[in-house]
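Okay, thanks everyone, let's get going.

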Amino acid sequence: MAARSTAPEKRPGFFSQIRSLYTFTQQAYSWLPWLLVGIVLLGIAAGVGVGFLIPPIAIWSIILWGITGLMLGILGSLMLMTRLSTRAMFKKIDGMPGAAGHVLSTSLGRKWQAADMPVGVNPKTQEAVYRAVGRGGVVIVGEGARGRLTRLVNDERSKVQRVAAGVPVTVLYVGHGEGDVPISKLAATIKALPTKVDRATMAAVIKRIDSVSQTLTSLPIPKGIDPTKVRAPRPR
């Protein structure tokens with residue numbers, strides 16, 4: 001048997017990540033190449049224009065301003081491609097089981113704590129309930145049909161209110177119906193909640209809720225999201 005290598009796994013380089021980011025985004029937006037070329041050309045044109053407007057007008061000045069415009073155009077195209085890749089990711093995972101958990105665990109930032117594993121699951125229909133705890137209180141997120149989520153959501157809300165009395169509890173449903181929150185706006189909606197608890201209270205609430213949370217390792221967790229395959233690659 002060959003000995004297992006102890007060398008650390010080599011991460012893809014910067015240009016490799018850029019290529020992966022471009023490929024991922026271009027699959028969702030076929031017009032991406034033309035847009036990126038247009039932004040770069042616009043940057044060059046703007047730089048050359050500045051070179052003609054700022055005296056003294058000289059060839060070297062126009063060339064330098066043109067190069068500056070090229071760099072700004074490349075930077076702008078990368079920023080836009082990154083934004084479009086995020087939209088492409090949401091477009092791809094919309095409606096997939098586990099999408100809410102993926103967003104909660106990767107997009108809320110340091111002021112919130114959440115996991116990609118649900119805190120409640122309907123084994124037959126794969127409706128799931130997720131929970132996030134942060135400075136805005138406790139957020140319970142239902143993924144699936146509202147009618148079949150009622151019991152799961154009420155059970156989780158009762159559990160939270162029992163161990164964290166006085167802490168605001170917000171219930172959100174992911175979807176496209178009336179009153180639902182699209183998956184692309186889930187993180188922004190949660191982060192926009194007003195601050196209601198301080199850091200110490202947040203830590204205490206997390207500890208209390210974790211102490212009474214039942215394990216879900218024995219339940220069939222929805223398997224619709226593989227973050228390593230769905231998440232848009234980002235340049236480092």
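Predicted model: local features only at pLDDT ≥ 70, side-chain atom pairs only at ≥ 80, totals over all residues.

I'll start with the overall layout, then go through the helix packing, and finish with a few local spots.

The protein chain has eight helices and five strands. Reading from the N terminus, the order is α-α-α-α-β-β-β-β-α-β-α-α-α. There are 236 residues in the protein chain, and 37% of them are buried. If you take the contacts between residues at least 6 apart in sequence, 65% of those join residues at least 24 apart.

How do α1 and α2 sit relative to each other? Helix α1 is residues 14-28 and helix α2 is residues 32-53, and their axes come within 9 Å, crossing at roughly 120 degrees. Angles of 65 to 115 degrees would count as roughly perpendicular and anything over 145 as roughly antiparallel, so this pair is oblique. On the α1 side the contact uses Tyr22, Thr25 and Gln26, and on the α2 side it uses Leu32, Pro33 and Leu36. By class that gives four nonpolar residues, two polar and no charged ones.

Next, α1 against α3, where α3 is residues 59-93. The axes again come within 9 Å, and here they cross at roughly 55 degrees. So α1 and α3 are oblique too, and the crossing is left-handed. From α1 you've got Ile18, Leu21, Tyr22, Phe24, Thr25 and Ala28. They meet a set of α3 residues that includes Leu78, Met81, Leu84, Ala88 and Met89, plus Lys91 and Lys92. The class count for this contact is ten nonpolar, three polar and two charged. Notice that Tyr22 and Thr25 turn up in the contact with α2 and also in the one with α3.

That leaves α2 with α3. Their axes are 7 Å apart and the angle is about 150 degrees. The cut-off for roughly antiparallel is over 145, so α2 is roughly antiparallel to α3. The crossing is right-handed.

While we're here, look at the loop between α2 and α3, where Pro56 sits. The peptide bond from Pro55 to Pro56 is cis, with omega near -5 degrees.

Okay, aromatics. How many aromatic pairs does a search of the whole structure find? One. The partners are Tyr29 and Trp31, with ring centres 5.1 Å apart and planes at 50 degrees, so we call the pair tilted. Tyr29 is buried, at 10% relative accessible area, while Trp31 is partly exposed, at 42%.

Last stop, Gly175. You'll find it in the loop between β5, residues 169-174, and α6, residues 186-191. Is Gly175 buried or exposed? Its relative accessibility is 16%, so it counts as buried. Leaving aside the neighbours within four places in sequence, Gly175 is in contact with Asp180, Val181 and Pro182. And Gly175 is 81 residues from Asp94 in sequence, yet their C-alpha atoms are 8.4 Å apart in space.

That's my tour, happy to take questions.

Methods
Residues numbered from 1 in each chain as written. Heavy atoms only, no water. Axes fitted to C-alpha atoms, helices over the stretch in contact; angles between N-to-C directions. Helix = DSSP H or I, 4+ residues; strand = E, 2+ residues; numbered from the N terminus. Parallel < 35°, antiparallel > 145°, perpendicular 65-115°, else oblique. Contact = heavy atoms within 4.5 Å. Nonpolar A, V, L, I, M, F, W, Y, C, P; charged D, E, K, R; others polar. Left-handed = near helix turned anticlockwise from the far one by under 90°. Phe/Tyr/Trp six-rings, centres within 6.5 Å; stacked < 30°, edge-to-face > 60°. Buried < 20%, exposed > 50% of the residue type's maximum accessible area, 1.4 Å probe, protein only.
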